[in-house]
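Here is a brisk report on one protein model.

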Amino acid sequence: MALPLPPGLTPSEVGFLCEMELVTVIPRQRLEGLELLGGPTQSLNPPFPAPLPLWLALLLKRQKRANISPPPWLSVEGLSSILQFETDNRTAEVFSPAPALPQPTGFGSRHDAYLSQDSLEFSPPFLADSSTTRSQSNALPYHWLELGHLLLTHASDDFDDPDTVRRLLRDLREVRMSKLRKGFKVLDAGAGVKMNGVGGMEVAEVRGFVGGIVDGLRKINRSREESRKEREAEERENGLGSSSYQDDEDDMQL
C-alpha cells in the first residue's frame with residue numbers, strides 16, 4: 001500500500017520542473033532542431049545564440065557542444081540591484097518584481113506598483129524570456145533559486161564571477177526567507193501571507209511549515225470554541241444566566 005503523499009510539490013520535484021525553463025545557449029557545433037513534447041527546438045548554428053530547455057542545454061554543456069549564457073538577472077549587477085530592492089526600507093514587506101507579463105500600454109512604473117499593497121503581480125513559471133538573455137535584469141523568475149543553483153553547479157565557467165554570484169544568491173535567499181518568516185508571525189487560523197513574487201522553491205520549502213502552523217492554530221481555536229460551548233451549556237443547566245433565575249433573586253430580595 002502506497003503511503004499518502006504530502007500536498008504540493010517537494011523541492012526535488014520543483015527542481016525537476018525547473019529544467020523545462022528556456023535558457024540561451026551558444027552552440028559549438030551544428031545541430032538540427034529536435035521534435036520534443038513541448039514543441040520543436042531551433043536548429044543550432046555556431047556562433048548564433050538560441051533558446052533551449054535547461055535540461056537539453058545542460059546535456060549539451062556536459063558534452064562540450066555548447067555554452068550557456070546566464071540571464072541578465074543572474075549577474076553581479078542584476079543580483080545586486082535586486083538585493084538592494086529587497087533590503088530597501090520602502091519595500092520591506094514586499095518581494096522583488098516578477099518578470100513582466102504582456103500588458104496593454106498605459107500602466108505606471110512596475111516599481112511603483114510593487115510599492116502599493118494592492119498590487120496583484122505574481123510569478124508565473126515558464127515565461128518565454130524569463131531566464132534567457134532577453135530577460136529583465138531587475139526581476140526574478142519563478143524558478144530563480146533552482147535555476148541559479150543548476151547553472152552555477154554545471155556551467156560555472158560561463159559566468160564572469162561565479163563566486164560573487166553564489167554569494168549574492170545566498171544573501172538574496174536569506175533576505176527573502178527572513179521576510180517570509182516575519183509574515184508567518186502574524187498568522188492566525190483564518191489569515192494568509194501575501195506571497196506575490198515568491199519563487200517555486202521558496203514555496204516548496206515553507207509549505208509544510210506554514211501548513212503545520214495553520215493546522216495547529218485551527219485546532220487551538222476549535223478547542224477554545226468547544227470549551228466555550230461546553231461552559232455555556234453547563235451554565236444553562238445550572239440556571240446561570242437565565243432570566244427566570246434573575247427574577248427569582250429579585251423577588252427574594254424584595
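## Overall make-up

What share of the 254 residues in the protein is buried? Buried residues make up 35% of them. Buried means under 20% relative accessible area, exposed over 50%, and partly exposed in between, with a 1.4 Å probe and protein chains only. The model is predicted: local features need pLDDT of at least 70, side-chain atom pairs count only at pLDDT 80 or more, and totals for chains, interfaces and linings use all residues. Residues are numbered from 1 along each chain as its sequence is written, and side-chain values use heavy atoms, with hydrogens and water left out.

The protein has eight helices and five strands. These are DSSP runs numbered from the N terminus: helices are H or I with at least four residues, strands are E with at least two. From the N terminus, the order is α-β-β-β-β-α-β-α-α-α-α-α-α. Among contacts with a separation of 6 or more, 68% join residues 24 or more positions apart. Contact means heavy atoms within 4.5 Å. The accessible surface comes to about 15,700 Å², and carbon and sulfur atoms hold 54% of it. Accessible areas come from the Shrake-Rupley method with a 1.4 Å probe; for residues, only the protein chains shown count as cover.

## Salt bridges

The structure holds nine salt bridges. Each is a side-chain nitrogen of Lys or Arg within 4 Å of a carboxyl oxygen of Asp or Glu. One network links E86, R176, K179 and E202. E86 and R176 meet at 2.7 Å, N to O. E86 sits in helix α3 (residues 76-87) and R176 in helix α6, 90 residues apart. E86 is buried at 2% relative accessible area, and R176 is buried at 0%.

E86 also bridges to K179, with the closest N and O atoms 2.8 Å apart. K179 lies in helix α6 and E86 in helix α3, so this pair ties together parts 93 residues apart in sequence. Both E86 and K179 are buried.

D158 pairs with K61, the closest N and O atoms being 3.1 Å apart. D158 is in the loop between α5 and α6 (162-184), K61 is in helix α2, and 97 residues separate them. D158 counts as buried at 18% relative accessibility. K61 is buried too, at 10%.

## Helix packing

Two packed helices are described by the angle between their axes and the distance between the axes. For α1 and α5, the angle is about 70 degrees and the axes are 9 Å apart. The two are therefore roughly perpendicular; that class covers 65 to 115 degrees. V14, G15 and C18 in α1 meet E146, L147 and L150 in α5.

## Surface patch and a buried serine

L9, F16, L17, M20, W55, L59 and F126 make a nonpolar surface patch of about 640 Å². α1 (11-18) and α2 (54-62) each supply at least two of its residues. M20 is in the loop between α1 and β1 (22-27). M20 is partly exposed at 45% relative accessible area.

S130 lies in the loop between α4 (110-115) and α5 (144-154). S130 is buried, at 3% relative accessibility. Beyond neighbours within four places in sequence, S130 contacts E21, W73, P99, S135 and P141.

## Backbone details

The peptide bond from P46 to P47 is cis, with omega near 0 degrees. P47 is in the loop between β3 (39-40) and β4 (50-53).

K64 is not a glycine, yet has a positive phi of about 60 degrees. K64 lies in the loop between α2 and β5 (66-69). K64 counts as exposed at 63% relative accessibility.

Conventions: Patches are made of residues with over 30% relative accessible area and no salt bridge: like charges are joined within 9 Å, nonpolar side chains (Val, Leu, Ile, Met, Phe, Trp, Tyr) within 5 Å. Axes are lines fitted to C-alpha atoms, for helices over the stretch in contact, and angles run from 0 to 180 degrees between N-to-C directions. Angles under 35 degrees count as roughly parallel, over 145 as roughly antiparallel, 65 to 115 as roughly perpendicular and the rest as oblique.
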